[in-house]
Amino acid sequence: MARHVAPERSGVVRVHPRLSINQATVKHADLATALTTSAAAGYEAIGLWREPVAEVGLDTACAMLADSGMRFTTYCRAGFFGQPDEARRLANSDDNRRAIDETAALAAAGAEGSTPTLVVVAGGLPEGSRDIAGARERARDAIGALVPHARSAGVTLALEPLHPMYATDRCVISTLAQALDLAAAFEPAEVAVTVDTFHIFWDPAVLNSIDRAGREGRIATYQVCDWKTPLPHDVLLSRHYPGEGVIDFASLTTAVEATGYNRDIEVEIFNAEVWADDTSAVLHTTARSFERFVSPHLQS
């Protein structure tokens with residue numbers, strides 16, 4: 001298969017109205033820079049991370065988001081339930097509740113069309129454990145304990161399955177089907193799923209799972225980036241612009257659109273070379289790659 005190459009940066013680029021820049025893609029930009037530069041580049045939406053919000057404080061972050069005029073699409077992240085002792089589990093639960101409250105506040109501050117979606121990553125195995133089935137059960141119980149607070153805040157917990165290579169250290173939920181099975185005990189507005197191309201493209205059952213997620217009304221957010229081999233030494237930093245790798249965005253995006261999903265789509269990239277680049281250049285390349293490899297398969 002010929003390697004896809006992302007478009008050059010030169011020339012005028014259209015920013016698709018449904019394209020949201022996930023703040024991880026411009027990781028080294030502080031919140032003010034991420035908001036002002038993205039808005040100036042023509043982006044209408046952004047997904048935020050807790051650390052940059054904490055740097056300025058929630059109230060300031062909400063004011064900055066409101067001033068930007070941008071929609072708020074997701075907040076990253078909550079979860080990581082595999083704490084080794086009761087004290088740490090209680091502290092983690094308190095922190096996850098704060099994340100829910102922050103999500104609600106930011107969604108209220110964002111422009112019309114903002115979505116109170118909190119991305120949840122289950123966490124890996126506790127140190128010394130081999131009980132991955134037990135870790136999944138504890139994740140289910142921990143999510144159940146958070147649901148009443150999320151419900152009262154009007155926040156959707158968006159479970160994100162991660163690629164199996166992260167199963168032991170970051171997320172014991174590896175497929176959309178596993179995430180949907182866990183979510184099934186709750187209302188779709190309470191617990192839904194994150195569909196991230198990087199993590200699910202390999203799954204032979206992924207199209208059936210996307211269809212199921214749509215039928216159940218559980219697609220909270222669609223995130224896109226590409227997979228390219230060989231992977232770097234730090235596999236966490238192995239995401240690429242759409243079109244630079246092997247992911248079939250046509251089939252995945254078409255499947256998501258067929259469910260009736262019509263909200264914003266985030267580009268979320270973890271890549272040291274991308275992070276080292278100029279923020280405006282990253283935004284430009286993101287928009288061009290999205291326009292070429294994702295937007296042709298959108299219904300609106």
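**Exercise 1.** Which residue forms a salt bridge with arginine 50, and how far apart are the closest N and O atoms?

*Before you start:* this is a predicted model, where local features need pLDDT of at least 70, side-chain atom pairs count only at pLDDT 80 or more, and totals for chains, interfaces and linings use all residues. Residues are numbered from 1 along each chain as its sequence is written, and side-chain values use heavy atoms, with hydrogens and water left out.

*Solution.* 
- Start with the rule: a salt bridge needs a side-chain nitrogen of Lys or Arg within 4 Å of a carboxyl oxygen of Asp or Glu.
- Arginine 50 pairs up with aspartate 95, with the closest N and O atoms 2.8 Å apart.
- Now place the partners: arginine 50 sits in helix α2 (residues 50-56) and aspartate 95 in helix α4, so this pair links distant parts of the chain, 45 residues apart. Helices here are DSSP runs of H or I with at least four residues, strands are E runs of at least two, and both are numbered from the N terminus.
- Check exposure: buried means under 20% relative accessible area, exposed over 50%, and partly exposed in between (1.4 Å probe, protein chains only). Arginine 50 is buried at 13%, while aspartate 95 is partly exposed at 27%.
- Finally, look around: Arg50, Asp95, Arg98 and Glu102 are linked in a network of salt bridges.

**Exercise 2.** Find the salt-bridge partner of arginine 151 and work out which parts of the chain the pair ties together.

*Solution.* 
- The partner is glutamate 190, at 2.6 Å from N to O.
- Arginine 151 belongs to helix α5 (residues 132-153) and glutamate 190 to the loop between α6 (176-183) and β6 (191-196), so parts 39 residues apart in sequence are tied together.
- On accessibility, arginine 151 is partly exposed at 49%, and glutamate 190 is buried at 10%.

**Exercise 3.** What separates aspartate 211 and arginine 215 in helix α8?

*Solution.* 
- The two form a salt bridge, their closest N and O atoms being 2.9 Å apart.
- They are four residues apart in helix α8 (residues 206-215), so about one helical turn separates them.
- Aspartate 211 is partly exposed at 41%; arginine 215 is exposed at 61%.
- For the tally, the structure holds 17 salt bridges.
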